[in-house]
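Let's take a walk through this model together, stopping at a handful of residues and at one pair of packed helices.

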Amino acid sequence: MSIPLRVLLVEDVSEDAELIVRELKRGGFAPDWLRVDNARAMQDALKQAKWDIVICDYSMPAFSGLKALELLKSLKLHIPFFITSGTIGENTALEVMRAGADDFFLKQNITRLPLAIERELRDSALRRKKMASETALREMQVRFHAFMNNAPMPAWIKDKDLRYVYVNTAQASFFGMAPAEMIGCDDFDLMSIGAAQTSRHHDEQVLASSASVSTQETIADEGLTARILNITRFPLGMDEGQPMVAGLAMDVTAEVHNQEHLKAANQRLQLLSGSIIEVQERERQHLARGLHDDVGQSLTALKIMLQAAQKADDEVRHTRLQEGVELVASILSQVRTLSLELRPPQLDNLGLVSALRWYVESKSSSDGLRGWFEYEGQISKLHPDIENTCFRIVQEAITNILRHAQASNIWVRLDKNESNLILRIRDDGKGFDVDQARENAVLGNSFGLLNMEERALLLGGTMDITSSPGAGVNIDVLLPFTPHIRGFT
């Protein structure tokens, strides 16, 4: 079975072209051929059709083999190119081969043409295959580098000695370097000793087991900020017989911190729930003790006094009744005091400003603490939840100052802006460590600070506390005029 062969003959003598075609047929080919004899015709033929081989006469009146070879190269076509000649010397043959011709032969020795073409077609196929593989490899490398350098997550490859042989842009940027600067470095050149030892240990696990390893590690970035990374390492195969390890990292610092904040918030919620119950029980005990010890005993005394008056004569009865009236007045005062401690009527009847002024003045006069209350602007009736929260925060703060601060003065100021109520509480006491106080609150050792902060938070407000030992305490509370309840997040 003849082998199809598309042949472009660059030949000015038609008889020589037919001689070549006849020899190709005798060699087992089925040539589909075209003869041209000038540059324009050759260029048109190359552009209009696909050819398996070009056979060109070395010397023609209007053209030449070397010019034809230059034309083929200018079109960037990789087609086997043979040159024929009636009389070609050794120097000319050497010139032709140096110019890029694949083979040459004398027309009088044309019988070897089929074998030369068969060999060249085979070699040309191998060259095309190699060229295609190299092109595909280059394209793959370009796509790989484009993909990796645009990937937001750090990625790298290390050799058997655990030195970097490839890093993407994200990995290099993490350490504040260019990718080329990291090549040849190991982790001890980039990380703290502890982080580098951990990284090397996991790399060695991958190399020893030929299996992937996923870990969470803390590594300092270029700004020496500790970042929490989820890292997956895996074996990459062999490089000249040597194993390699690759890695991908994802920064989960924000997610981990959010989880920690959520855990702390849930813990605060549990503590606050417990503290609310404890406060309720304490208030109930206080109310029960007040009713039993003060009101109850006074009522018992009144009962005995009235019973004695029933049996006494008029003069003694009058004295007993007068004493009873005075005792009733004392009982009413005791009940009023209990009522004020539970919820001052000024808060409902006169509003927040009057209630705060009364509370600050009453506490400063009764406990030897000099207190000042100020307010700025016209503060009209507010939402009951806002007024109650503001009053309770002042109540809790002053209670803590009386118990712990050893202060001589306390200042309470109420301001407002367009959308918020601003409460400021200040004392000149001994102060405290705010971080330690918050830690104690989380551990359940103290609820005062936690109660105040959570009261503000629950209504959509904020509370900022600044203090240090010996420097007193400043409390700034911001509450919206209209509460918007939010969860513990």
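Let's begin at Val360, which counts as buried because its relative accessibility is 2%, and buried here means under 20%. Keep in mind as you look around that this is a predicted model. Val360 is found in helix 12, which covers residues 352-366. Leaving out residues up to four places away in sequence, Val360 touches Gly371, Trp372, Phe373, Ile398 and Val412.

Now step back for a view of the whole chain. How many helices and strands are there in the chain? There are 15 helices and 15 strands. Of the 489 residues in the chain, 37% are buried. If you take the contacts in the chain with a separation of 6 or more, residues 24 or more positions apart account for 58% of them.

You will find Met244 in strand 10, residues 242-251. Its relative accessible area is 12%, so Met244 is buried. Met244 and Ile157 lie 87 residues apart in sequence, while their C-alpha atoms are 7.0 Å apart in space.

Next, please find helix 5, which runs over residues 113-150. Helix 5 has 38 residues and reaches 54 Å from its first C-alpha to its last, close to the 56 Å expected at 1.5 Å a residue. Which residues of helix 5 are buried? They are Leu113, Pro114, Ala116, Ile117, Glu120, Ser124 and Met148.

Helix 5 has a packing partner in helix 1, residues 14-26. Two packed helices are described by the angle between their axes and by the distance between those axes. For helix 1 and helix 5, the angle is about 70 degrees and the axes are 8 Å apart. Helix 1 is therefore roughly perpendicular to helix 5, a description that applies to angles of 65 to 115 degrees. On the helix 1 side, the contact is made by Ile20, Glu23 and Leu24, and on the helix 5 side by Leu113, Pro114 and Ile117. Sorted by class, this contact has five nonpolar residues, no polar ones and one charged residue. Leu113, Pro114 and Ile117, which make the contact from helix 5, are also among the buried residues of that helix.

Follow the chain onward to Asn168. Asn168 sits in the loop between strand 7 (164-167) and helix 6 (169-174). Is Asn168 buried or exposed? Asn168 is buried, because its relative accessible area is 0%. Not counting residues up to four places away in sequence, Asn168 touches Met148, Asn149, Ala151, Met153, Pro154, Ala155 and Pro179. Met148, one of these partners, is also one of the buried residues of helix 5. Pro154 is another partner of Asn168; the two are 14 residues apart along the chain, with their C-alpha atoms separated by 6.5 Å.

Leu162 has a phi near 65 degrees, a positive value in a residue other than glycine. Leu162 lies in the loop between strand 6 (155-158) and strand 7, and with a relative accessible area of 5% it is buried. Ser210 also has a positive phi, of about 55 degrees, although it is not a glycine. Ser210 belongs to the loop between helix 8 (193-209) and strand 8 (213-220). At 54% relative accessibility, Ser210 counts as exposed, because the cut-off for exposed is over 50%.

Our tour continues with Gly65, which has its place in helix 3, residues 65-74. Gly65 counts as buried, because its relative accessibility is 0%. Leaving aside its neighbours within four places in sequence, Gly65 is in contact with Cys56, Asp57, Tyr58, Phe81 and Ile83. Gly65 and Ser85 are 20 residues apart along the chain, and 9.4 Å separates their C-alpha atoms.

Among the contacts of Gly65, Cys56 brings us to the cysteines. Cys56 counts as buried because its relative accessibility is 0%. Cys390 is likewise buried, at 0% relative accessibility. How many disulfides are there? Taking a disulfide as a pair of cysteine sulfur atoms within 2.5 Å, the count comes to zero.

Definitions and conventions. Residues are numbered from 1 along each chain as its sequence is written. This is a predicted model: local features need pLDDT of at least 70, side-chain atom pairs count only at pLDDT 80 or more; totals for chains, interfaces and linings use all residues. Side-chain values use heavy atoms; hydrogens and water are left out. Buried means under 20% relative accessible area, exposed over 50%, partly exposed in between (1.4 Å probe, protein chains only). Helices (H or I, at least four residues) and strands (E, at least two) are DSSP runs, numbered from the N terminus. The expected span of a helix is 1.5 Å times one less than its number of residues. Axes are lines fitted to C-alpha atoms, for helices over the stretch in contact, and angles run from 0 to 180 degrees between N-to-C directions. Angles under 35 degrees count as roughly parallel, over 145 as roughly antiparallel, 65 to 115 as roughly perpendicular and the rest as oblique. Contact means heavy atoms within 4.5 Å. Ala, Val, Leu, Ile, Met, Phe, Trp, Tyr, Cys and Pro count as nonpolar, Asp, Glu, Lys and Arg as charged, and the others, Gly among them, as polar.
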